[in-house]
Amino acid sequence: MNADQGLFVPLILGILEGLTEFLPVSSTGHLLLAGHFFGLTQPATFVVLIQLGAILAIVTVYFAKLGLLIRDALTGKRYAWQFALSVFLACFPAVIAGVLLRDFIQGDLWESAALICWTLLIGGFVLLIVDRLKLEPKYDDIYTFPWHLALIIGLFQMLSLVPGVSRSGSTVVGGMLFGASKRAAAEFTFFVALPIMVGAFGYDLYKSRDLIDASIALNVAVGFAAAFVVGALVVRYLLNFVSRYGFAPFAWWRIAVGIFGLIGIYFFGR
């Protein structure tokens, strides 16, 4: 395999990461299925490390808003500290569970393509049902989310440790069921993603520090750049898309991928 071919795989996976990280379709599930069915594989560490590109995509798009939040927090503005606490509460359950179950998740669960397909399929129907419910939103501003709502969203986010569930999908469903509007639920997932993904990146980098050499570093750099560019485009336009079309298109995508994945497993084996 020549150098260009060698970088093709991390490039495609980086694009896939950027496309799916902030959509309720499970980026990890898509990356793992791409490896299972098309041989587009990289070490498990690669999957986590390229998420840094998606993290920086959020920072780039929300740079001004993040700057105002930090300024207002430093000057003692109550809303900024309340919002920071809400984000912390939404992150805490998944962080603890992720640290305790890391080896099991990246081992047994990540290796089951059938599990990923079923979680994509079932999660798609759940998202479709919730999207069609006649819910009356109580909270349309993420800065007014009460702490109990943030904690509930955090508990839902724990489900995303199972590949195929989707971090953004689980937080969106939890938020909408307990009073958040579609747009607010989607936007809150961006802010919750920052500490979650930074923590996952740092922890996995530390745990895998002895496994990273020059070859994987180049692959990570390519995947990182692709995830950053594509992720920035997704973040920039996602909220308007959700406001107009809801989450049904993503639900149907999940269902289609899950069905075709199960068909592929049936005919071509595990």
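**Chat: cysteines, cores and helix packing**

Reader: How many disulfides are there by your rule?

Author: The count comes to zero disulfides, where a disulfide is a pair of cysteine sulfur atoms within 2.5 Å. Keep in mind that this is a predicted model: local features need pLDDT of at least 70 and side-chain atom pairs count only at pLDDT 80 or more, while totals for chains, interfaces and linings use all residues. Residues are numbered from 1 along each chain as its sequence is written, and side-chain values use heavy atoms, with hydrogens and water left out.

Reader: Ok. Is Cys-91 buried or exposed?

Author: Cys-91 counts as buried, at 5% relative accessibility. Buried means under 20% relative accessible area, exposed is over 50%, and partly exposed is in between (1.4 Å probe, protein chains only).

Reader: And what's the relative accessible area of Cys-117?

Author: For Cys-117 the value is 0%, so that residue is buried.

Reader: Switching to helices. How do H6 and H10 cross?

Author: The axes of H6 (residues 78-109) and H10 (residues 182-207) come within 9 Å and cross at roughly 35 degrees. Helices (H or I, at least four residues) and strands (E, at least two) are DSSP runs, numbered from the N terminus. Axes are lines fitted to C-alpha atoms, for helices over the stretch in contact, and angles run from 0 to 180 degrees between N-to-C directions.

Reader: Which residues make that contact?

Author: On the H6 side they include Phe-83, Ala-90 and Cys-91, and H10 brings residues including Phe-188, Phe-191 and Tyr-203. Contact means heavy atoms within 4.5 Å. By class, there are 13 nonpolar, two polar and three charged residues in the contact of H6 with H10. Ala, Val, Leu, Ile, Met, Phe, Trp, Tyr, Cys and Pro count as nonpolar, Asp, Glu, Lys and Arg as charged, and the others, Gly among them, as polar.

Reader: What about H4 against H10?

Author: H4 (residues 51-61) packs on H10 at an angle of about 145 degrees, with the axes 9 Å apart. That contact involves, among others, Leu-52, Ile-55 and Ile-58 of H4 and Leu-194, Met-197 and Phe-201 of H10. The contact of H4 with H10 divides into eleven nonpolar residues, one polar and no charged.

Reader: Which residues touch the most other members in the largest nonpolar core?

Author: Those are Phe-22, Phe-145 and Phe-188, in a core of 48 residues. H10 gives the most to this core, with eleven residues. A nonpolar core is a set of buried Ala, Val, Leu, Ile, Met, Phe, Trp, Tyr and Cys residues joined through side-chain atoms within 4.5 Å.

Reader: What does Phe-188 contact beyond its neighbours within four places in sequence?

Author: Partners of Phe-188 include Phe-83, Val-87, Ile-142, Phe-145 and Ile-153.

Reader: Next up, H9. Why is it called largely enclosed?

Author: Ten of the eleven residues of H9 (residues 167-177) are buried, so H9 is largely enclosed by the rest of the structure. The cover over those buried residues includes H7 (113-132), H8 (147-157) and H10.

Reader: What comes after H9?

Author: Gly-179 follows H9, and the phi of Gly-179 is positive, near 115 degrees.

Reader: Where do Ser-26 and Ser-166 sit?

Author: Ser-26 is in the loop between H1 (3-20) and H2 (27-38), while Ser-166 is in the loop between H8 and H9. Neither is a glycine, yet Ser-26 has a positive phi of about 75 degrees and Ser-166 has a positive phi of about 90 degrees. Ser-26 counts as buried at 4% relative accessibility, and Ser-166 counts as buried at 3%.
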